[in-house]
Amino acid sequence: MSEYIVEAIRNGIFETLEMTFFSALISYILGLPLGVVLYATAKGRLLENRPVNVILGTVVNILRSLPFLILLVLLIPFTRFVTGSSIGTVASIVPLTVGTIPIVARMVESSLCEVSPGIIEAATAMGASPVYTIIHFILPEATPSLLLGGAINVATVLGYSAMAGVIGGGGLGAIALQYGYYRYEKEVLWTTVTLLVIMVMLIQEAGGFIAKKKRKI
Amino acid sequence: MAKVFELENVSKVYENEGKEFEALKDINLSIEEGEIFGIIGMSGAGKSTLVRTLNRLEKVNGGKVKFYGSDLADLKPSELRNVRHSISMIFQGFNLVNQRSVIDNVMQPLRIAKIPRKKRNEIALEMLKVVGLEEKKDAYPARLSGGQRQRVAIARALASNPKVLLCDEATSALDPKITAEILDLLKEINKDRKLTIVIITHEMAVVEKICDRVAIIDDGRLEEVGEVKEVFRNPKSRAARKLVFPSNPFDPSKEESRLIRIVFDGLAASEPFIANLVEKTGKKVNILSANTKSVGGIGYGQMVLELPESVEDQKIITDFFKEGGLSVSEVTRE
């Protein structure tokens, strides 16, 4: 491989990590509360509210059913509005975040559903308000499951970030596409793919490790 | 004595897929300050629903549940939460937060009541001392045995300095030895802290061991309420008889024989009354079952007897027992 490609790959790694980190971070900042609301407003839950639950649930389902590649294209005007540009690493963070939020929300919702109803009943019997119960009983009890879900989500974002290359995003995906696919340089293709696989594995392992450390059962 | 809870014509109906199910039917009941009150019934009888109406985890469809004279239904959500600080509850499944340490669990109700951090820690340690688990304060619930977890739950329940403790099948998941220890602890807490305790159980042994009064619930109805001793000596309802009579006496020699149950307390037990019966009246009975029990700390014996066929003989025998101060009740077979 020529030197400039090695250099490009090195930059690509950082760009991929940058996109993954910020997309995952922002999608959790927005997706975690959304997941909590989806959970808490469902039937029989603490803050049961059918209209809110149905509307949010529908939006999440629609976003989730769009193939990510289509979402990338659909979001171009929005991306340009937010970041001032529709290409590059920073611009890719926008569609990545939007695409990940609904996944995070559903994942959080399912983690919270695992918390035993008995704990919620105990909290209510103690005189805890619904919001207090969620913050101090349900979320702590669901932490190990949330962390495992988090690892899966970050790995998903990483995979999505490779797709951002198609519409001019940066990162390893873009390199694989440009050199590996369009120019048919197999070496570059396999190197980037291997790097992506290693990164996903590391994230998954790290997530599993932290979750295990945190789990008290 | 002040009444902690008063239930007036309480009813509860569940609706499930268009079908209605009456879990509680017209319950009238009052629970007095300082007593240990048992609520016993078979599973599905409605006792868990009943205890949940006491802290309004279950809303009632009809009637009133009053806590120190005020109807729980009249309270605003925030007022209800305040009242719940005075009504603690422990559960069959302990319901501790597994991802939090023992002391964090015990501090939780204090945090809800907005007590400052330092004070929280102090009270929690004191409560752990009461239940004998202060050295486990930094452990996590998963590392504790069932009995220890229930002790943590009791410490947590006591932390908010409640007026009442509701126990929902609190010993049903524990073995007999640990059950006895937990019941002793509850009795001790009842005495030391003058805490009113309401115990839900399906085991008569639990009621006999620590309760002062008992309510028997069957099919959503209150069948009988009374002092445990009285209910044990002389159960009036069918549900009560089913609970206190020995469950597996020998079969009588004849299908149609009349069976009676006699109960004698520790004082009468020194008298050989069966031998006396034979000696004084010349009549004989067939003993189908006999055992002894401790009810509220007093020893009781009970026997199920098969009487001879002649009606006069039967009368002579039952009169003899009644004169001797024993409780005599009919045993009806299903």
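This is a predicted model: local features need pLDDT of at least 70, side-chain atom pairs count only at pLDDT 80 or more; totals for chains, interfaces and linings use all residues.
Residues count from 1 along each chain as its sequence is written, and chains are lettered from A in the order in which they are written. Local features need pLDDT of at least 70, side-chain atom pairs count only at pLDDT 80 or more, and totals for chains, interfaces and linings use all residues.

Start in chain A. Two packed helices are described by the angle between their axes and the distance between the axes. Here the pair is helix H1 (residues 3-40) of chain A and helix H5 (residues 89-113) of chain A; their axes come within 6 Å and cross at roughly 40°. Helices (H or I, at least four residues) and strands (E, at least two) are DSSP runs, numbered from the N terminus. Axes are lines fitted to C-alpha atoms, for helices over the stretch in contact, with angles from 0 to 180 degrees between N-to-C directions. H1(A) passes H5(A) in a right-handed crossing, meaning that the near helix is turned clockwise from the far one by less than a right angle. The residues of this helix contact divide into 20 nonpolar, 8 polar and 4 charged.

Now to the chain contact. Chain A gives 18 residues and chain B gives 19; two residues are in contact if their C-beta atoms, placed from the backbone, lie within 7 Å. On the chain A side, helix H6 (117-125) and helix H7 (130-163) each supply at least two residues. By class, that side has 9 nonpolar, 6 polar and 3 charged residues.

Chain B has domain 1 (3-240) and domain 2 (245-331) in its domain assignment. Their centres, taken over C-alpha atoms, are 37 Å apart. The contact takes 7 residues from domain 1 of chain B and 8 from domain 2 of chain B. Helix H8 (residues 228-233) of chain B gives the most to the domain 1 side, with 4 residues. That side has 3 nonpolar, 1 polar and 3 charged residues.

Chain B also holds an open sheet of 4 strands, in the order E2-E1-E4-E5, with antiparallel pairing. Strands pair if DSSP finds at least two bridges between them. The edge strands, E2 (19-32) and E5 (70-71) of chain B, each pair on one side only. Strand E4 (residues 62-67) of chain B pairs with E5(B) over 2 bridges. Lys66(B) has Asp71(B) as its bridge partner in E5(B).

Notes:
Domain bounds come from an automatic or database domain assignment. Ala, Val, Leu, Ile, Met, Phe, Trp, Tyr, Cys and Pro count as nonpolar, Asp, Glu, Lys and Arg as charged, and the others, Gly among them, as polar.
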